Amino acid sequence: MTTTPTDDPADSPGTPRAADRAGGAAELADAMTRAIKRIRRQTGWRLEPYGITPGQARALRTLAHVPGCETPDHAMRLSDLADKLHIAPRSATTVVDALEEAGLVERSPDPADRRAVRILLTEAGRAALERIGQVRDEVAQEYFGEVSPADEEVLLRVLRSAEARFLAAGPPRRSASPDAAR
């Protein structure tokens, strides 16, 4: 395994620290975190020549899931984009600013609410989505290429089930910090 400064060799399988955490949900969460970081890093490197960040790619993909996203009546509101991306509205504004500057989206006033802004996907945005899709497929194939289709199916089913249970339970409560009890 090749490590980078952000990789913690102690988190590699077979090391004492990994063995101390062996088994259970915590080990699964650690393995998922490592996988996500590596996939995101590879995706970022591959998107860099196109001038697109993984966060911008995610925003474009989210916008593209809205049928008719190229027309003002069907385009997504900026506030809805922030909600779907699970980011603050200000962060969504920053992402959309960069996408608009690159010509991938356009802002349009919401016909139903003068205070709201809708985000329209441009033709250049559609072309960028094609490149993003290719990069995502390449990175996923490189990471999961040796995993059997049956194992992929099981992993996907388990993750979907865990997500559904998590969402059904409602927002998690924040526990008080250890200092708060003092």
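## Strand pairing and helix packing in a predicted model

In strand β3, Arg77 has Arg118 as its bridge partner. The model is a predicted one, in which local features need pLDDT of at least 70, side-chain atom pairs count only at pLDDT 80 or more, and totals for chains, interfaces and linings use all residues. Residues are numbered from 1 along each chain as its sequence is written, and side-chain values use heavy atoms, with hydrogens and water left out.

**Overall make-up**

The chain contains 7 helices and 3 strands; helices (H or I, at least four residues) and strands (E, at least two) are DSSP runs, numbered from the N terminus. Along the sequence these elements follow the pattern α-α-α-β-α-α-β-β-α-α. The chain has 182 residues, of which 25% count as buried. Buried means under 20% relative accessible area, exposed over 50%, and partly exposed in between, with a 1.4 Å probe and protein chains only. Among contacts between residues at least 6 apart in sequence, 50% join residues at least 24 apart; a contact means heavy atoms within 4.5 Å.

**The sheet**

The 3 strands form an open sheet in the order β1-β3-β2, with antiparallel pairing. Because β1 (76-77) and β2 (105-110) stand at the edges with a single partner strand each, one side of each has no neighbour in the sheet. Two strands pair if DSSP finds at least two bridges between them. Strand β3 covers residues 113-121 and is joined to β2 by 6 bridges, while 2 bridges join β1 to β3. β2 and β3 form a hairpin, with 2 residues between them.

| Residue | Opposite residue in β3 |
|---|---|
| Ser108 | Arg118 |

**Helix α3**

Helix α3 lies across β1, β2 and β3 and runs at about 100° to β3. Axes are lines fitted to C-alpha atoms, for helices over the stretch in contact, and angles run from 0 to 180 degrees between N-to-C directions.

The axes of α3 and helix α5 (residues 89-101) come within 10 Å and cross at roughly 85°. The two helices are therefore roughly perpendicular to each other, a term for angles of 65 to 115 degrees (under 35 counts as roughly parallel, over 145 as roughly antiparallel, the rest as oblique). On the α3 side the contact is made by Gly55, Gln56, Ala59 and Leu60, and on the α5 side by Val95, Ala98 and Leu99. These residues divide into 5 nonpolar, 2 polar and no charged. Here Ala, Val, Leu, Ile, Met, Phe, Trp, Tyr, Cys and Pro count as nonpolar, Asp, Glu, Lys and Arg as charged, and the others, Gly among them, as polar.

Ala64 also lies in α3, which spans residues 54-64. Ala64 is partly exposed, with a relative accessible area of 22%. Leaving aside residues up to four places away in sequence, Ala64 touches Cys69, Leu121, Arg126 and Leu129. The C-alpha atoms of Ala64 and Leu120 are separated by 9.3 Å, although the two residues are 56 apart along the chain.

**The aromatic pair**

The structure holds 1 aromatic pair. The ring centres of Tyr143 and Phe144 are 5.0 Å apart and the planes stand at 75°, so the pair is edge-to-face. Rings of Phe, Tyr and Trp (its six-membered ring) pair if their centres lie within 6.5 Å; planes under 30 degrees apart count as stacked, over 60 as edge-to-face and the rest as tilted. Tyr143 is partly exposed at 36% relative accessibility, and Phe144 is partly exposed at 27%.
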